[in-house]
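Work through the exercises below with the coordinates open.

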Amino acid sequence: QVQPVESGGRLVQAGDSLRLSCATSGRTYISYGWFRQAPGQEREFVASIRGGDGYTRYADFVKGRFTISRDNAENTVYLRMNSLKPEDTAVYYCNVQGWSPVVAGPYDYWGQGTQVTVSS
C-alpha cells in the first residue's frame with residue numbers, strides 16, 4: 001500500500017473534538033500533511049509534520065485547536081481537532097511527500113479523504 005488511507009471523519013457538534021488517522025506505508029517520508037477542502041473551495045493546508053525531526057507547522061486558522069502527530073511504530077499520522085467549528089466542515093486529506101533517488105525528484109501521494117461535518 002502506497003496511498004495513505006484516512007479514517008475518523010464523522011458528524012460532530014460545534015465544540016466537539018475529533019481525531020483523524022492516516023495510515024501510511026512502512027517507509028519514512030520527508031513530510032506528512034493534512035489538507036482540507038470545503039464544498040466550492042480550493043484545497044487548503046491544515047498541518048504538517050516532518051518525518052526526520054518531527055517539526056510541525058499549522059495553518060493560522062487551526063493554531064491552538066489542532067495537533068498533528070505521528071506514531072512511527074504504527075506508521076500512522078494523526079490530526080487531533082479540538083473546539084471544532086462549523087467552518088471546519090470539509091473533506092480532510094492526508095498527504096505524504098518523499099524523495100525518489102531513481103528519478104532524483106520529489107513525489108507525493110494523496111489519500112481519498114475523510115468527511116468531517118460540524119453542526120452548529
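The radius of gyration used here is taken over C-alpha atoms, and the globule rule is 2.2 Å times the number of residues to the power 0.38. The model is a predicted one.

**Exercise 1. Compare the radius of gyration of the chain with the globule rule.**

Step 1. For 120 residues, the rule puts a compact globule near 14 Å.
Step 2. The chain itself has 14 Å, so the value agrees with the rule.

**Exercise 2. Describe the secondary structure and the contacts of the chain.**

Step 1. Count the elements: there are eleven strands and zero helices.
Step 2. Written from the N terminus on, the order is β-β-β-β-β-β-β-β-β-β-β.
Step 3. Take the contacts with a separation of 6 or more; 53% of them join residues 24 or more positions apart.

**Exercise 3. Find the disulfide and state what it ties together.**

Step 1. Searching the whole structure gives one disulfide. In general, such a link is a covalent bond between the sulfur atoms of two cysteines.
Step 2. The partners are cysteine 22 and cysteine 94, with sulfur atoms 2.0 Å apart; the cut-off is 2.5 Å.
Step 3. The angle about the S-S bond is -80°, and the link of cysteine 22 and cysteine 94 is left-handed.
Step 4. Cysteine 22 belongs to strand S3 (residues 18-23) and cysteine 94 to strand S9 (residues 90-100), so the pair ties together parts 72 residues apart in sequence.
Step 5. Buried means under 20% relative accessible area. Cysteine 22 has 0% and is therefore buried; cysteine 94, also at 0%, counts as buried.

**Exercise 4. Is serine 31 buried or exposed, and which residues does serine 31 touch?**

Step 1. Locate the residue: serine 31 is in strand S4, which covers residues 31-37.
Step 2. The relative accessibility of serine 31 is 15%, so this residue counts as buried.
Step 3. Leaving out residues up to four places away in sequence, serine 31 touches Ser48, Ile49, Arg50, Gly51, Asn95, Val96 and Gln97.

**Exercise 5. Summarise the surface and the charges of the chain.**

Step 1. Of the 120 residues, 40% count as buried.
Step 2. The accessible surface is about 6,500 Å², and carbon and sulfur atoms hold 47% of that area.
Step 3. There are 12 positive and 11 negative side chains, and the centres of these two sets lie 3 Å apart.

Methods
Residues numbered from 1 in each chain as written. Predicted model: local features only at pLDDT ≥ 70, side-chain atom pairs only at ≥ 80, totals over all residues. Heavy atoms only, no water. Helix = DSSP H or I, 4+ residues; strand = E, 2+ residues; numbered from the N terminus. Buried < 20%, exposed > 50% of the residue type's maximum accessible area, 1.4 Å probe, protein only. Contact = heavy atoms within 4.5 Å. Areas by Shrake-Rupley, 256 points an atom, 1.4 Å probe, with all protein chains shown as cover. Lys, Arg positive; Asp, Glu negative; His and termini not counted. Charge placed at Lys NZ, Arg CZ, Asp CG, Glu CD.
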